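The entries follow the order in which I looked things up.

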Amino acid sequence: MANIQQQLASLQTSVKRQRLLNIGLLGIMFSGGLIAAVRPAGDATFDMITCKGWKVVDADGKVRIASETNDNGKVGVAWYDQNGTKRIVASTYVNGDASVTLMDKDGVRIVAAILADGSVSLPTKDLTPPKKP
């Protein structure tokens, strides 16, 4: 009879442990369900964002627009094509110069600049399209 009492007590302890484990498991499953149900906020509105740079990426994670400042005081925004080639750059410099650079897939084609002294610079490469072979 004592043996049966011991086995019964052991069984009751085991059942209590299993109940606690089941409750913990249900809690984890419930928490996971809540986390999975939470959706991204989508659009957001901010009064002020302060940063040294930012990037906009496309659906594949490729950078399409990037903006940054550097320690020399240059500030720029660059636009990239779908292949990751820089195509447009707008920059300002610590000395007061400002420029916009337009590039094709082979490099710089047009640089429009206003210099700190007020003069305008518009150097270009040959603007005629390359001849097809």
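Two strands pair if DSSP finds at least two bridges between them.

I noted that the model is predicted, that local features need pLDDT of at least 70 and side-chain atom pairs pLDDT 80 or more, while totals for chains, interfaces and linings use all residues. Residues are numbered from 1 along each chain as its sequence is written, and side-chain values use heavy atoms, with hydrogens and water left out.

**Entry: the sheet**

I looked up the strand order and found an open sheet of seven strands, β1-β2-β3-β4-β5-β6-β7, with antiparallel pairing. The edges are β1 and β7 (120-121); each has a single partner strand, so one side of each lacks a neighbour in the sheet.

**Entry: β1 and β2**

I took the pair β1 (residues 53-57) and β2 (residues 63-69), which are antiparallel and share five bridges. Across from Trp54 I found Ser67 in β2. The hairpin of β1 and β2 has five residues between the strands, and Gly61 there takes a positive phi near 85°.

I then went to β4 and β5, which run antiparallel and are joined by five bridges. Ser91 stands opposite Ser99 in β5, and Val89 has Thr101 of β5 as its bridge partner. Which residue in the turn of the β4 and β5 hairpin has a positive phi? I found Gly96, at about 105°, in a hairpin with five residues between its strands.

Two residues make the hairpin link from β5 to β6. Leu102 has Ile110 in β6 as its bridge partner.

For exposure I used relative accessible area: buried is under 20%, exposed is over 50%, and partly exposed is in between (1.4 Å probe, protein chains only). I sorted β5 by face: Ser99, Thr101 and Met103 are on the covered one, and Ala98, Val100, Leu102 and Asp104 on the uncovered one.

Leu102 lies in β5 (residues 98-104) and is partly exposed, at 36% relative accessible area. I also found Leu102 in a nonpolar surface patch of about 300 Å², together with Trp79, Ile88 and Val100. Patches are made of residues with over 30% relative accessible area and no salt bridge; like charges are joined within 9 Å, and nonpolar side chains (Val, Leu, Ile, Met, Phe, Trp, Tyr) within 5 Å. The areas come from the Shrake-Rupley method with a 1.4 Å probe, and for residues only the protein chains shown count as cover.

**Entry: salt bridges**

My rule was a side-chain nitrogen of Lys or Arg within 4 Å of a carboxyl oxygen of Asp or Glu. How many salt bridges does this rule give? I counted three.

Asp58 and Arg64 meet at 3.8 Å, N to O. Asp58 is partly exposed at 22%, and Arg64 is partly exposed at 27%.

Asp81 and Arg87 have their closest N and O atoms 3.3 Å apart. Asp81 is buried at 11%, whereas Arg87 is partly exposed at 29%.

Lys105 and Asp106 meet at 3.6 Å, N to O. Lys105 is exposed at 66%, and Asp106 is exposed at 58%.

**Entry: the largest pocket**

I read off a volume of about 250 Å³ for the largest pocket. Of its 16 lining residues, Glu68, Gly76, Val77, Ala78 and Lys86 are the closest to its centre. I defined a pocket on a 1 Å grid over the protein atoms alone, as an open set of points where a 1.4 Å probe fits, with protein on both sides within 12 Å along at least five of seven lines; lining residues have an atom within 4 Å of a point. Grid points are joined across faces, edges and corners, and the volume is the space filled by probe spheres set on the points.

Which strand gives the largest share of the lining? I found β3, with five residues. At least two lining residues come from each of β1, β2, β3 (75-80) and β4 (86-92).

**Entry: the helix**

Last, I placed Leu26 in helix α1 (residues 2-37). Leu26 is exposed, at 55% relative accessible area. I checked Leu26 against Asp71, 45 residues apart along the chain, and their C-alpha atoms are separated by 53 Å.

Notes. Helices (H or I, at least four residues) and strands (E, at least two) are DSSP runs, numbered from the N terminus.
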